[in-house]
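Here is a short tour for anyone who wants to find their way around this model. Keep the viewer open and follow along topic by topic.

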Amino acid sequence: MEDFLEQMAEIMEVDNVNLSDELTSFEAWDSLTTLSIIALADDEYQVSLTNAEIADAKTIEGLHQLITGKQNV
Amino acid sequence: MKIKFSNKKISGILSILPANEVMFEDEMHNYSFSEAKSLKLKAAMGFKSKRIVADDSTTGYDLTVAGLDYLFDNDLLDKNSIDAILFVSQSPEYIMPPTSNLIHGKYELDEKVFCMDVNQGCAGFVVGLQQAFMLLNNEGINKVVLCNADVLSPKVSKFDRNSNPLIGDAAAITIVENTSDDTSVVGEIRMDGSGAMALNVPAGGARLPITAETSELYEDSFGNKRSKNHLVMQGDNVFNFVQTKVPEQIKNIVENTNDSSETIYYFLFHQPNRFMLQKLADKIGVGREKLPSNVVENFGNSSGVTIPVVTTHNLGEQLENTEMKVCFSGFGVGLTWGTIIMKIGNLDFCKLIYK
């Protein structure tokens, strides 16, 4: 989880992120951050995400659950 | 479909790029994003300049003909030696007739010269090579002129930050021949039609003709504006497909032929953007220097023509003077992904020209 929060902070270009933060609330949020999340999930967690799934995840916590949920399939 | 041929070779490659150059910054203010965000995208994707036709009246056929004129004028190709013409494109001159027949007519080629258009995009060079090799197995066919041409910039919205920064136009002519030398060509092409609409132009075909309604701009959830006459791409699905299927395919071909990717000098891939190609190199486990990714920043992504462009731009002189084993791989619209591993070199020409 620590790693994931650091990775997300880097993508969102902030010092740190909280689990409850909404994805769209970040200043950096756009199609490039979405692609960066897709690439991160592929590189580090070996799962494929779509734009729609990321949008549905809504928060940092939701995104973490989405990734770990897919890993356990 | 597996690809396995012997006694075939490529004897020349010519890329034709529009002389008109457009810089990323020239168009950045069309996008509904801050300058800072657009510059961040530029850095991540490797956008810089691209070559697109100066106006919509220049077509893929025009670029192809400029290339053929160059080859005939410089005695690099003998008109009478051509047995077949393949024209691979997603931007043909007309719905009918085939563009390859127009080329046949322009140069007054013999009636026995076979012509065929192939509708393929990002994998168009690999599919075109495969078709050329198959034709060469017919008696009396010894030289195939493979034309790849894509002028898709008029089909992309200037207000679409997803596609407009990366799109480029180009054509290429590749000469494919039979040879008595004991050569080996191996590879595979796969398709997944369930993803056919991941890259598409909704209007302009029989299903949805162009009307005033299809020409209206709409805005997507990321703030990009395009109409139904424009190319639309599901970037997320394309990214996932490429990162999964392409490394798998290359691994399988290498293993099935008891080869090793160490023996491959260069990985000459379709050029979607630098970001995707660097990730691909890492995933396949080859050094990024062996998988050139500099086409989008210099010329743009010209769909089925990017493999000839990456080859002529990076290895032009080298391939005129030496021979090496390379891996060609094209992937995208269809969904189609195809890979060919073969030796190439001592070419009659391996050049890039501007029109």
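In this predicted model, chain B has a radius of gyration of 19 Å, which agrees with the value near 20 Å that a compact globule of 355 residues would have. Its C-alpha atoms fill a box of roughly 60 × 45 × 35 Å along the principal axes. The chain is built from 9 helices and 17 strands.

**Overall packing of chain B**

- Of the 355 residues in chain B, 50% are buried.
- Taking contacts between residues at least 6 apart in sequence, 79% join residues at least 24 apart.
- The largest nonpolar core has 112 residues, and the members that touch the most others are B:Leu86, B:Cys147, B:Ala170, B:Ala172, B:Val176, B:Leu268 and B:Leu280.
- Helix H6 of chain B (residues 235-256) gives this core its largest share, 8 residues.
- In soluble globular proteins, nonpolar side chains tend to be buried together.

**The six-stranded sheet**

- Chain B has an open sheet of 6 strands in the order S6-S5-S7-S8-S2-S17, with mixed pairing.
- The edges are S6 (114-118) and S17 of chain B; each has a single partner strand, so one side of each is left without a neighbour in the sheet.
- On average, neighbouring strands of the sheet are turned by 15° against each other, direction ignored.
- S5(B) (residues 84-88) and S6(B) run parallel and are joined by 5 bridges, with B:Ala84 finding its bridge partner in B:Phe114.
- Helix H4 of chain B (residues 99-106) packs on the sheet, where it touches S5 and S6, and its direction makes about 135° with that of S5(B).
- Helix H9 of chain B (residues 306-321) lies across S2 (8-17), S7 (143-150), S8 (170-178) and S17, at about 130° to S17(B).

**A closer look at B:Leu352**

- B:Leu352 sits in strand S17 of chain B, which covers residues 349-354.
- Is B:Leu352 buried or partly exposed? With 19 other C-beta atoms within 10 Å, B:Leu352 is partly exposed, because a buried residue needs 20 or more.
- Apart from neighbours within four places in sequence, B:Leu352 is in contact with B:Ser15, B:Leu17, B:Val309, B:Thr312, B:His313 and B:Gly316.
- B:Glu262 is 90 residues from B:Leu352 along the chain, and their C-alpha atoms are separated by 28 Å.

- S14(B) (residues 266-269) pairs with S15(B) in the parallel sense over 4 bridges; B:Tyr266 has B:Val326 as its bridge partner.
- S15(B) and S16(B) (residues 336-345) run antiparallel, joined by 10 bridges, and B:Lys325 is partnered with B:Lys343.
- The hairpin of S15(B) and S16(B) has 3 residues between the strands, and B:Gly334 takes a positive phi near 145° there.

**Where chains A and B meet**

- The contact takes 10 residues from chain A and 15 residues from chain B.
- On the chain A side, helix H2 (residues 31-45) supplies the largest share, 6 residues.
- By type, the chain A residues touching chain B divide into 4 nonpolar, 4 polar and 2 charged.

Note on methods. Residues numbered from 1 in each chain as written. Chains lettered and ligands numbered in written order. Predicted model: local features only at pLDDT ≥ 70, side-chain atom pairs only at ≥ 80, totals over all residues. Helix = DSSP H or I, 4+ residues; strand = E, 2+ residues; numbered from the N terminus. Buried ≥ 20, exposed ≤ 12 C-beta atoms within 10 Å, placed from the backbone. Contact = placed C-beta atoms within 7 Å. Nonpolar A, V, L, I, M, F, W, Y, C, P; charged D, E, K, R; others polar. Rg over C-alpha atoms; globule rule 2.2 N^0.38 Å. Pairing = 2+ DSSP bridges. Axes fitted to C-alpha atoms, helices over the stretch in contact; angles between N-to-C directions. Core = buried A, V, L, I, M, F, W, Y, C linked by C-beta atoms within 7 Å.
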